[in-house]
Amino acid sequence: MLRLPTLDTLELSVLAFPRRPYHRLVKDDRLVRDARPSPVSDVRASQRVLEDALAAWEPSPLVPRADLPDHAREGWRRLYEMNGWPWNASEAVDLRTRWRGRVCDNSPRLSPTRIDMPLVLLDAWLQVQDEAGSVLPRWVRENWPEIRTMARDLRATACRDASCAWCTTNLSPDHWLREVFGFDAYREEPALPDGTSLQRDLVARGLREQSTFGILPTGGGKSLCFQVPAEARFRLLGQLTIVISPLQSLMKDQVDSLKDRIPHGRAIYSGLPSLLRPHVLEEVRTGACGLLYLSPEQLRNRGIVKLLKSREIGAVVFDEAHCLSQWGHDFRTDYPYVLQAIRRITQTGPMPPVFLFTATTQPDATREIIEYAQQFSGHDVELVDGGSARVNLTYEVRQVAPPDRVETVVELLREHLQDGSAVVFCSSRNRTEEIADQLTAMGFPRSTTTPDSTSTSAASARTTSSAATSAS
Ligand SMILES: [Zn+2]
């Protein structure tokens with residue numbers, strides 16, 4: 001029996017089921033607790049897996065040509081012959097034709113010196129890659145890390161040939177903007193020194209895997225800068241983009257507002273309803289999710305770390321990156337821990353590129369954040385500073401004695417407020433109520449809001465105010 005040729009059903013099942021390549025032996029007898037191990041039932045279960053795989057498989061013409069160890073080669077040959085499939089080891093397979101429309105036509109990978117198991121597995125995945133959510137399982141990536149490089153070279157590395165249909169669409173920031181958001185052009189402001197769109201530049205950096213720290217003013221379309229490349233990574237390479245975000249409410253809002261554009265976006269945070277959590281975890285594990293918002297403390301959870309190991313992480317994004325600065329008042333203790341956790345998740349594999357975004361930092365904090373990102377990612381991180389000034393806002397600081405403050409606010413409101421609304425910021429909840437009562441008494445209709453964090457208070461001011469003033 002030991003002299004019989006062997007066939008690895010694990011490899012066969014990835015080739016047969018590239019859409020959901022999860023090879024698991026369902027041991028019926030083990031469903032009964034304390035049942036004794038039964039080698040015979042295990043063999044029968046293996047036979048069922050083999051039969052299922054053979055029924056589903058469209059035999060690959062690449063296997064007969066593959067350079068495999070003798071025992072494996074003999075196993076595959078017998079399998080082909082038993083099923084009446086052609087075993088034409090000498091017949092050339094033209095990869096250029098087989099992969100047309102799925103890869104860059106100019107890639108040197110189209111003329112490989114040898115065909116081996118990683119190439120056969122990559123070929124199986126390429127046959128189904130246009131269906132988002134098909135990802136190669138972890139054991140394949142760990143056994144043959146070169147598959148990742150091959151896929152990247154073929155599908156995500158620009159050849160610079162202006163007539164290459166693949167690269168001019170699939171590696172173009174404009175193509176992905178249309179694809180995801182339906183817009184024809186990026187915002188013109190803020191602009192780079194050469195006058196081109198900074199937003200477009202940040203998306204292009206995302207597509208090129210070039211680690212970057214981007215500063216954009218609030219309302220400058222920051223999220224789009226990481227959402228567009230995330231979609232491209234997911235569709236081109238099946239990769240997962242992780243977005244670290246400090247506020248649960250922001251995460252939930254972003255995922256909800258993306259529903260029509262990036263329907264596979266998900267968020268994991270402590271407040272995620274417990275009924276939903278298992279579904280989200282399953283979607284991350286199987287590859288159905290390509291964009292994952294994560295609160296930083298989740299990376300201290302062993303279950304989450306194990307879950308993320310099942311995926312190829314294409315990029316780590318820090319939203320509100322100023323939370324990394326220990327000198328700022330928004331410092332979050334779990335933020336600096338994130339890249340160490342990502343390193344543990346990727347283990348010996350390459351560290352994904354890192355993208356950091358914020359609307360507000362001081363020069364010291366900027367330096368500190370870049371140093372941190374470079375030290376723990378091992379990548380050079382370039383600064384792209386679009387400034388945090390908002391052209392539609394002006395600021396003025398006036399010194400006013402405490403007894404005159406309400407009166408000054410009233411004057412300002414009378415002077416500037418015609419239609420619409422204004423926001424008056426105060427230092428405490430009680431003071432807010434007091435000022436609101438006084439303004440109401442003077443004929444200003446009001447709605448008092450006392451948000452529980454400065455960030456949400458700023459957000460409400462952005463969306464509701466035509467003039468903002470501070471009275472505390
Ligand atoms: Zn190309």
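The protein chain comprises 19 helices and nine strands, where helices (H or I, at least four residues) and strands (E, at least two) are DSSP runs numbered from the N terminus. The model is a predicted one, in which local features need pLDDT of at least 70 and side-chain atom pairs count only at pLDDT 80 or more, while totals for chains, interfaces and linings use all residues. Residues are numbered from 1 along each chain as its sequence is written. Of the 472 residues in the protein chain, 32% are buried, a residue being buried if 20 or more other C-beta atoms, placed from the backbone, lie within 10 Å of its own, exposed if 12 or fewer do, and partly exposed in between. Among the contacts in the protein chain with a separation of 6 or more, 74% join residues 24 or more positions apart, a contact requiring C-beta atoms, placed from the backbone, within 7 Å.

Seven strands form an open sheet with parallel pairing, in the order 3-4-2-5-6-1-7; two strands pair if DSSP finds at least two bridges between them. Strand 3 (265-268) and strand 7 (382-385) stand at the edges, and because each has a single partner strand, one side of each is left without a neighbour in the sheet. From one strand to the next, the twist averages 20 degrees. Strand 7 pairs with strand 1 (residues 212-215) in the parallel sense over four bridges, and I215 stands opposite D385 in strand 7.

Helix 1 (residues 9-16) packs against helix 5 (residues 117-128) at an angle of about 30 degrees, with their axes 8 Å apart; axes are lines fitted to C-alpha atoms, for helices over the stretch in contact, and angles run from 0 to 180 degrees between N-to-C directions. Helix 1 and helix 5 are therefore roughly parallel to each other, the term applying to angles under 35 degrees, with those over 145 counted as roughly antiparallel, 65 to 115 as roughly perpendicular and the rest as oblique. The contact involves E11, V14 and L15 of helix 1 together with M117, V120, L121 and A124 of helix 5.

In the loop between helix 9 (173-181) and helix 10 (198-207) lies P190, and the peptide bond from E189 to P190 is cis, with omega near -10 degrees. E209, in the loop between helix 10 and strand 1, has a positive phi near 60 degrees despite being a residue other than glycine, and E209 counts as partly exposed because it has 18 C-beta neighbours inside 10 Å. Q347, likewise not a glycine, has a positive phi of about 50 degrees.

Notes
Contact = placed C-beta atoms within 7 Å.
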